[in-house]
Amino acid sequence: MSPRRVAAAVVVVVALTAPAAAGAVTVGVADQRPLLFSNSSFQRTLIGRARILVAWDAVRITEQRAELDTWFTAAQVAGVVPLVTFGKSRTHPDDLPTPDRYEAAIREFRARYPQVREFSSWNEANSCGERTCRRARLVAAYYRRLRIVCPGCTLLAADLVDQPNLGDWAHEFRRESTVQPTRWGLHNYLDVNRYQTSYTRQALAATRGQLWLTETGGLVDRNNASTTRIPQGFTHAANATDYLFGPIRRLSGRIQRIYVYNWVANPPPFTWDSGIVNHRFGERRSYPVLRGWLSRLAGAGLLTGRLRR
């Protein structure tokens with residue numbers, strides 16, 4: 001190859017591997033319920049991606065398998081591309097699989113849902129409410145097996161959560177990885193709802209490659225045992241959504257996707273509510289804020305990825 005062609009090839013490679021312009025982003029929704037896809041408020045956004053949390057052994061449980069069939073069928077009919085994050089078993093939550101068992105279950109999942117091509121190895125892996133809190137090495141093994149099971153798929157190392165061990169956990173994962181991940185997930189509720197950027201910056205500093213905000217959004221209400229103080233309310237959730245797509249998104253061109261959690265609020269009693277619409281599908285104050293940002297990003301050429309037609 002001539003020196004001129006070599007130089008041209010280098011330019012192309014650099015262009016393809018360089019991070020997107022700061023602020024460019026693909027927008028999705030994280031929601032466990034298939035009624036998301038038939039909701040007219042969601043349909044008007046033309047959002048073309050959705051994330052679902054799936055128990056690592058769900059495909060082996062009749063009831064859960066039926067739920068997944070319904071969700072993936074609805075997503076496919078709606079023209080929405082799914083992102084699947086695996087996590088703990090719903091039937092045996094303390095049963096943390098070995099890498100061999102994890103691989104076998106994921107192979108079964110892939111056989112049933114071959115259309116799914118985007119995965120994260122484990123949900124909130126650094127959370128000390130999870131058994132993976134001090135098991136970064138094990139989750140790195142899950143990631144290796146996921147790469148084997150789904151070559152050519154788009155894979156996230158793991159979904160992290162904003163708590164103090166975030167940086168140390170990510171560093172340990174990277175030390176234990178034979179292949180360095182090029183994508184990570186983050187749930188940065190604390191930053192978004194406290195109007196700060198500290199945990200998101202920590203995640204950016206501790207990882208390399210793309211950072212996807214795979215669960216995030218403004219808190220409306222919660223009824224759980226957590227003592228962590230987080231602002232909440234309808235107006236607050238709208239303001240937090242604005243902060244998410246403003247200062248948080250603009251932190252780095254490495255922030256490539258944002259999945260807003262969740263779309264339809266669960267009916268009472270609930271433990272967490274950050275719904276864009278209420279359980280009767282009424283649009284909340286966050287909805288026009290989200291629609292406004294989608295319009296502005298599209299107008300500025302910063303809305304990337306797939307939209308439904």
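## Exercise 1: Aromatic pairs

The structure holds 21 aromatic pairs. The model is a predicted one, where local features need pLDDT of at least 70 and side-chain atom pairs count only at pLDDT 80 or more, while totals for chains, interfaces and linings use all residues. Residues are numbered from 1 along each chain as its sequence is written, and side-chain values use heavy atoms, with hydrogens and water left out.

**Task.** Work out what kind of aromatic pair Phe109 and Phe119 form.

**Solution.** 
1. Start with the rule: rings of Phe, Tyr and Trp (its six-membered ring) pair if their centres lie within 6.5 Å; planes under 30 degrees apart are stacked, over 60 edge-to-face, and the rest tilted.
2. For Phe109 and Phe119, the values are 6.0 Å centre to centre and 80° between the planes, an edge-to-face pair.
3. Helices (H or I, at least four residues) and strands (E, at least two) are DSSP runs, numbered from the N terminus.
4. Both Phe109 and Phe119 are buried. Buried means under 20% relative accessible area, exposed over 50%, partly exposed in between (1.4 Å probe, protein chains only).

## Exercise 2: Another pair

**Task.** Decide whether the pair of Phe245 and Trp293 is stacked or edge-to-face.

**Solution.** 
1. With 6.4 Å centre to centre and 25° between the planes, Phe245 and Trp293 are stacked.
2. Phe245 lies in helix α9 (residues 234–248) and Trp293 in helix α10 (residues 286–299), so this pair ties together parts 48 residues apart in sequence.
3. Phe245 counts as buried because its relative accessibility is 0%. Trp293 counts as buried too, at 9%.
4. Look at the ring of Trp293 again: Arg296 lies over its face, 4.2 Å from the ring centre. The rule here is NZ of Lys or CZ of Arg within 6 Å of the ring centre and within 35 degrees of the ring normal.
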